[in-house]
Amino acid sequence: ITVAVIDTGIDYNHEDLKEQMWVNPLEIPGNGIDDDGNGYVDDVHGADFANEDGDPMDDNIHGTHCAGTIAGIGNNGIGVAGVAWRGVRLM
C-alpha cells in the first residue's frame, strides 16, 4: 500500500521513515533528467507541488510528523511507531 502525504513534504532521510519511502521505479536518482516524462526531474520519492520540483523534502516538519504517525518504523527503539508501519510505502 502506498500512502501519499499531501502536506509540507517528508524528510525521506529520517531514521524512522527512510526505509518506508516509495521509490519511483522509472526515475534514475540524481541524473538531472525527467526519466519518466511526468514533468518533474529526479522525482524519486514523489514531487513537491508547492515548489514545483521533484524533491519532496519537508521544509516545515509538519508533513514528516504526519508521515511518522502513518508509517514510522516500529519496534526499533527509535522515535515512535506509526499506525501502519508494516507494508506501507510513503509518497
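Start with the aromatic rings: one aromatic pair is counted here, where rings of Phe, Tyr and Trp (its six-membered ring) pair if their centres lie within 6.5 Å, and planes under 30 degrees apart count as stacked, over 60 as edge-to-face and the rest as tilted. Select Tyr-40 and Phe-49 to see this pair: it is edge-to-face, with 5.6 Å centre to centre and 85° between the planes. While Phe-49 is selected, look at its surface: Phe-49 counts as exposed because its relative accessibility is 59%. Here buried means under 20% relative accessible area, exposed over 50%, and partly exposed in between (1.4 Å probe, protein chains only).

A word on what you are viewing: this is a predicted model, in which local features need pLDDT of at least 70 and side-chain atom pairs count only at pLDDT 80 or more, while totals for chains, interfaces and linings use all residues. Residues are numbered from 1 along each chain as its sequence is written, and side-chain values use heavy atoms, with hydrogens and water left out.

**The whole chain**

Now switch to a cartoon view. The protein chain has one helix and two strands, in the order β-α-β from the N terminus on. Helices (H or I, at least four residues) and strands (E, at least two) are DSSP runs, numbered from the N terminus. To find your bearings, colour strand E1 (2-3) and helix H1 (62-71), then strand E2 (89-90).

Zoom out to take in the overall dimensions. The C-alpha trace spans about 40 × 25 × 20 Å along its principal axes.

Of the 91 residues, 34% count as buried.

**Into the core**

Which residues make up the largest nonpolar core? Select Val-5, Ile-10, Tyr-12, Leu-17, Met-21, Ala-67, Ala-71, Val-88 and Leu-90, and you have its nine residues. A nonpolar core is a set of buried Ala, Val, Leu, Ile, Met, Phe, Trp, Tyr and Cys residues joined through side-chain atoms within 4.5 Å.

Stay with Met-21 for a moment. Leaving aside residues up to four places away in sequence, Met-21 touches Ile-10, Tyr-12, His-45, Arg-89 and Leu-90. Contact means heavy atoms within 4.5 Å. Across the protein chain, residues 24 or more positions apart account for 49% of the contacts with a separation of 6 or more.

**Around helix H1**

Select the buried residues of H1: Gly-63, Thr-64, Ala-67, Gly-68 and Ala-71. They lie on the same side of H1, because they cover an arc of only 140° around the axis; the arc is that of the directions from the helix axis to the C-beta atoms. These buried residues of H1 pack against E2.

Is His-65 buried or exposed? This residue lies in helix H1, and His-65 is exposed, with a relative accessible area of 54%. Draw a distance from the C-alpha of His-65 to that of Asp-7: they are 58 residues apart along the chain and separated by 10.0 Å.

**Along the loops**

Go to the loop between E1 and H1 and pick His-14, which is partly exposed at 29% relative accessible area. His-14 and Gly-68 are 54 residues apart in sequence, yet 9.3 Å apart in space, C-alpha to C-alpha.

Ile-61 is in the loop between E1 and H1 and counts as exposed at 67% relative accessibility. From Ile-61 to Gly-9 is 7.8 Å, C-alpha to C-alpha, with 52 residues of sequence separation.

Most residues other than glycine have a negative phi. Glu-52, however, has a positive phi of about 55°; Glu-52 sits in the loop between E1 and H1 and is exposed at 66% relative accessibility. Finish at Asn-75, in the loop between H1 and E2: phi of Asn-75 is also positive, near 60°, and Asn-75 is exposed, with a relative accessible area of 76%.
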